[in-house]
Amino acid sequence: MIRNVITPTTANASHGANAPHAAGAAGAGATAAEAAAEAAIPSLPEPRGPVSEAVVALLAGDASSGTGQPAEASAAARRADPFGDDLHLALHACYELHYQGFRDVDPGWEWDPSLLALRAELERAFLAALRAETPGGDDVQGVLEELLVEPVNATGISHHLRRNGEMWQLREYVAHRSVYHLKEADPHAWAIPRLRGRAKAALVAVEFDEFGGGRPERMHARLFADLMEEVGLDSSYGAYFGAAPAPMLAITNMMSLFGLHRALRGALVGHFAAAEITTAPGAERFARALRRLGVGERGVRFFTEHVEADAVHEQVLRRDVVGGLLAGEPRLAPDVVLGVQATGLLEERFEAHVLDRWRAPVPRTSLRRPLPRPA
Ligand SMILES: [Fe+2]
Ligand SMILES: [Fe+2]
């Protein structure tokens with residue numbers, strides 16, 4: 001049975017049953033530890049090269065000081081690897097100012113013109129690389145239908161973990177993904193004011209589910225935090241920013257890039273559709289992997305929830321969000337295709353990075369530093 005899945009036609013009817021709690025941010029049943037983790041503000045991460053060094057140095061200062069964009073940072077941004085650690089840590093630091101910010105960082109940096117100018121250089125390089133590395137086209141239905149067919153001999157991370165993955169690998173995977181899942185569906189919310197009519201109503205219906213249908217304990221970000229705690233990880237927002245390598249940061253940076261630019265609303269919608277289509281089969285394998293490794297049901301729930309929810313979300317995205325957007329703005333088809341293909345590209349790069357390290361003759365960490373053992 002599908003629970004907690006609100007389609008555009010049932011959203012209003014379901015709203016009463018899912019009335020929001022009047023309790024604080026962590027919900028009525030939250031423990032003090034959960035509330036503390038939810039309130040945590042991340043520290044600025046360690047720089048990974050000249051561009052991120054310049055960004056982190058700026059953010060450590062006062063936004064009103066008028067420091068200006070260092071010319072060397074701008075030149076370094078143009079030379080940086082568009083898929084590399086330095087560029088993605090710098091971009092990630094810029095984007096996080098629009099989410100939860102950083103401890104002891106002046107919130108005024110969010111709209112600082114010099115920092116935005118540097119961010120624009122990084123975005124240009126990243127977007128150009130995404131376009132260069134994807135085939136393009138305007139066949140939206142074609143690229144979405146390709147995603148519906150799972151390869152028979154697939155060898156991705158979910159297959160590996162289901163068959164013979166080890167606990168340390170599962171914990172690494174969860175730590176990587178926490179960069180996104182602890183702010184699950186926030187980047188997609190940027191699209192709401194950029195859409196109209198059927199596309200807007202449908203996207204908001206899916207977002208309503210992602211944010212727990214008015215119940216904080218059912219927010220997908222909260223379910224992910226529960227999973228982290230079940231496998232002995234720190235569920236504080238941003239706890240693993242510094243450990244996440246470029247292939248993971250690139251995935252969330254892509255979402256923020258598409259979400260924060262109205263011109264890229266088609267790409268954001270394409271990305272969201274691709275993510276929803278590909279999540280359900282993988283979630284089923286992850287749930288089996290977790291049970292095989294002895295993780296309790298509180299941890300498994302994040303994935304079982306997605307097996308159910310995303311089977312419906314996928315259809316709402318394809319039919320109403322993508323369909324509604326293109327009915328009104330058919331010229332955005334190439335951007336929707338870009339969103340689908342860029343998602344595939346970056347997910348493949350991430351999987352290759354992780355599996356390459358786990359399957360080395362002497363397996364090694366896929367994070368920038370190994371995780372401490374669970375307490
Ligand atoms: Fe979700
Ligand atoms: Fe979903």
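Two residues are taken to be in contact if their C-beta atoms, placed from the backbone, lie within 7 Å. The structure is a predicted model, in which local features need pLDDT of at least 70 and side-chain atom pairs count only at pLDDT 80 or more, while totals for chains, interfaces and linings use all residues. Residues are numbered from 1 along each chain as its sequence is written, and chains are lettered from A and ligands numbered from 1 in the order in which they are written.

The protein contains 16 helices and zero strands, where helices (H or I, at least four residues) and strands (E, at least two) are DSSP runs numbered from the N terminus. Of its 375 residues, 46% count as buried; a residue is buried if 20 or more other C-beta atoms lie within 10 Å of its own, exposed if 12 or fewer, and partly exposed in between. Among contacts between residues at least 6 apart in sequence, 82% join residues at least 24 apart.

Helix H13 comprises the 15 residues 246-260, and at 1.5 Å a residue it should span 21 Å, in agreement with the 20 Å that separates its end C-alpha atoms. The expected span is 1.5 Å times one less than the number of residues. Of the 15 residues of H13, 14 are buried, so this helix is largely enclosed by the rest of the structure.

Two packed helices are described by the angle between their axes and the distance between the axes. Axes are lines fitted to C-alpha atoms, for helices over the stretch in contact, and angles run from 0 to 180 degrees between N-to-C directions. Angles under 35 degrees count as roughly parallel, over 145 as roughly antiparallel, 65 to 115 as roughly perpendicular and the rest as oblique. A crossing is left-handed if the near helix is turned anticlockwise from the far one by less than a right angle, and right-handed if clockwise.

The axes of H13 and helix H16 (residues 333-358) come within 8 Å and cross at roughly 165 degrees; the two helices are therefore roughly antiparallel to each other. Their crossing is left-handed. On the H13 side, the contact is formed by Pro 247, Met 248, Ala 250, Ile 251, Met 254 and Phe 258, which meet Gly 339, Ala 342, Leu 346, Glu 347, Arg 349, Phe 350 and His 353 in H16. This contact has nine nonpolar, two polar and two charged residues, where Ala, Val, Leu, Ile, Met, Phe, Trp, Tyr, Cys and Pro count as nonpolar, Asp, Glu, Lys and Arg as charged, and the others, Gly among them, as polar.

With helix H11 (residues 197-210), the axes come within 7 Å and cross at roughly 160 degrees, which makes H11 roughly antiparallel to H15. The crossing of H11 past H15 is left-handed. Residues of H11 in this contact include Ala 199, Ala 202, Leu 203 and Val 206, and those of H15 include Ala 309, Val 316, Leu 317 and Leu 325. By class, the H11 contact with H15 divides into ten nonpolar, four polar and three charged residues.

Helix H12 (residues 220-230) packs on H15 (residues 297-328) at an angle of about 140 degrees, with the axes 7 Å apart, again in a left-handed crossing. Here His 220, Leu 223, Phe 224, Asp 226, Leu 227 and Glu 230 in H12 meet Arg 298, Gly 299, Arg 301, Phe 302 and Glu 305 in H15. Four nonpolar, two polar and five charged residues make up the contact of H12 with H15. Buried residues in H12 are Ala 221, Arg 222, Leu 223, Phe 224, Ala 225, Leu 227 and Met 228, and what covers them includes helix H2 (32-39), H9 and H15. Just after H12, Gly 232 takes a positive phi of about 75 degrees.

Within helix H9, Ala 175 is buried, with 21 other C-beta atoms within 10 Å. Leaving aside neighbours within four places in sequence, Ala 175 is in contact with Leu 233, Tyr 240, Ala 243, Leu 367 and Leu 371. The C-alpha atoms of Ala 175 and Leu 367 are separated by 8.5 Å, although these residues are 192 apart along the chain.

Positive phi values also occur in residues other than glycine, including Asp 104, near 65 degrees, and Ala 185, near 75 degrees. Asp 104 lies in the loop between helix H5 (85-96) and helix H6 (113-132) and, with 10 C-beta neighbours inside 10 Å, counts as exposed. Ala 185, in the loop between helix H9 (167-181) and helix H10 (186-189), has 20 such neighbours and counts as buried.
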